[in-house]
Amino acid sequence: MKTEVAIIGGGPAGLMLAIELGCRDIPCVLIEERSGPPTLPKANATSSRTMEHYRRRGFADQVRRLGLPPSHPQDIVYCTRLTGPELARFRIPSAEEAASGTAYGDYGEQAWPTPELPHRAQQMFIEPVLRAQAERHASAVLRFGLRAEAVQDTGCAVQIECREPDTGRTELLQAAYVVGCDGPRSLVRQAMGVVYAGHGSERRDFLGGPMMSIYFRAPGLYGLIGKPRAWQYWAVGPGQRGLLCAIDGVDRFVLIVQLPQGTQPADFHPQQALQAVVGRPFAHELIALTPWNAGYALVAERLRHGRMFIAGDAAHLFTPTGGMGYNTSVDDVVNLGWKLAAAIQGAAGPALLDSYEAERRPIAQRNTRFARSMADSIGCLPVTAAVEQEGPAGDSARHALGQALSEHGAREFNIPGLQLGLRYADSPVVARELAEPPPDEPNRYLPGGYPGTRAPHVATGPDRSLLDDFGRDFTLLAFGPDGPDGLEPWRQAAAQYGIRLDVVRSEDGQTRALYGADRILIRPDHHIAWRGDGAAPPTEVLALALGHRTPPVGPG
């Protein structure tokens, strides 16, 4: 069996890469040992940036309908125990409010200039949508129930030895490139001879060390908690800490607790943990227990070696605070997909594939730093027994704890800068300017046209964004007069490199001021490759964006 790109791993990263390649008619084969999607809770927060990627491919609305009922608030609530007093609440709009733009909760409309606010839905619901989208493309072959057992880069191709676990039948797959989206024990990363670097399993009072996820059904739990509904409920008391996530807004939940030091999973008693976190006994049906470890902030030392690449958990491991693990994984492959397509189609220069590591590894380091800082913020927060006492001393302790939790919640969840403000600094395929870049702050986003940043959203109509007008591949955003030759030189340059270039024209002065130039070259992943005036040679600009030349420093 031969193909252009072999994808090992059929989670969100692998499936999204198959979609990115498939929509460009690039032959690829995805190999996944599992026969279907996960049946247990995993990632449960889809970032604004990931929702924008789903929007680009036309299925954001499908994902928005998953998870909690449309009117169910996606709030974050903090208590000492879940049946105890509410200490703090971070308000997040429901799916229908986010889709209609009628509410922004504690986000603040001006802080989140995007057509797609974040969404809460379990990975086990999202993966079937991603799989169905990948299967729409004839060039994408999905081989579920097939295990990759060995990978070798021969220099001119990659050989993957595969086996069907059920039958023992073996296959040999040959590809021009292989991408390991195969998790923390990645076969591809091992074949590359690459290890993680960063922080291992750090100990904390919560989210540091061995953890247990308790997946259960409890139809009466919302009534027992006795508070306005939310997506997450945190128990931050002097006893058993825990994090409860609503799965379907009806009767399914997952509770995350930390195992006491020295306790083995076999010794864990889920009923005791559930009662301690909720605050009283309640009727429930246990569905599954899943042990795992928190406290990681790890990034692979390299993301590419020859014809082998890694993405997703194979490239980075997160503690789940901030919800950026799955989202960083999707962003990885959106970055890589169009570059592999350009290389296979003969348009890429030598720097384009190298730019994947140059761009994505610093983002992985940035995002794992944020997740680690939030794990420290909530996991090391001091809590005294006074918060469960009656009287003035207890009231004072609860007020102080509520204030600290309110501030933490805003820092962890109101993160437009983290999700929308990422910039590919010092990339070999992005123009450089002398002007200072925008600040990279998790809780603040300043939209603009600085090269390397995400192209900013501008509303152009009801439920319509300027981003929706951009093409599948490169887009030239053009303001003002075209000059004597119009935009024909851009089209000719694109034809010379054999790439697709769409042109979007605008006469809007405010949008021109936001982007800061008359001509802006938008990459397929909606990051800005270059901006300048009408006099810039299009051939040189496209040569830069495709990795054929070193980026000069522009005036900025």
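The dialogue below takes up cavities, a pocket, charged pairs, aromatic rings and an annotated domain.

Me: What kind of model is this?
Reply: This is a predicted model, in which local features need pLDDT of at least 70 and side-chain atom pairs count only at pLDDT 80 or more, while totals for chains, interfaces and linings use all residues. Residues are numbered from 1 along each chain as its sequence is written, and side-chain values use heavy atoms, with hydrogens and water left out.

Me: How many cavities are there?
Reply: On a 1 Å grid over the protein atoms alone, a cavity is a set of points where a 1.4 Å probe fits but cannot get out; lining residues have an atom within 4 Å of a point. Points are joined across faces, edges and corners, and a volume is the space filled by probe spheres set on them. The count here comes to five cavities of 30 Å³ or more. The largest cavity holds about 120 Å³ of space. Its lining has 14 residues, and Gly421, Pro438, Tyr445, Leu446 and Thr453 lie nearest its centre.

Me: Which residues lie nearest the centre of the second largest cavity?
Reply: They are Met324, Asn327, Asp331, Asn367 and Leu422, out of 13 lining residues. This cavity has about 60 Å³ of space. Helices (H or I, at least four residues) and strands (E, at least two) are DSSP runs, numbered from the N terminus. In these terms, α2 (48–56), α9 (325–344), α10 (350–379) and α12 (416–420) each give the lining of the second largest cavity at least two residues.

Me: How is the lining of the second largest pocket divided by class?
Reply: A pocket is an open set of points with protein on both sides within 12 Å along at least five of seven lines. Ala, Val, Leu, Ile, Met, Phe, Trp, Tyr, Cys and Pro count as nonpolar, Asp, Glu, Lys and Arg as charged, and the others, Gly among them, as polar. The second largest pocket has a volume of about 450 Å³. Of its 22 lining residues, Tyr104, Glu109, Thr114, His457 and Ala459 are closest to the centre. By class, the lining has eleven nonpolar, six polar and five charged residues. Helix α4 provides the largest share, three residues.

Me: How many salt bridges are counted?
Reply: A salt bridge is a side-chain nitrogen of Lys or Arg within 4 Å of a carboxyl oxygen of Asp or Glu. There are 47 salt bridges by this rule. One of them joins Arg49 to Glu52 (2.9 Å, N to O). Both residues belong to helix α2, three residues apart, about one turn of the helix.

Me: Which residues form an aromatic cluster?
Reply: Rings of Phe, Tyr and Trp (its six-membered ring) pair if their centres lie within 6.5 Å; planes under 30 degrees apart count as stacked, over 60 as edge-to-face and the rest as tilted. The structure has 14 aromatic pairs. Phe90, Tyr107, Trp112 and Phe413 make up one cluster.

Me: Which domain does UniProt place at residues 2–371?
Reply: The unreviewed UniProt entry gives "domain: FAD-binding" there; positions follow the numbering used here, feature names are shortened, and annotations may be inferred rather than shown by experiment. This span is 29% helix and 27% strand, and its end C-alpha atoms lie 40 Å apart.
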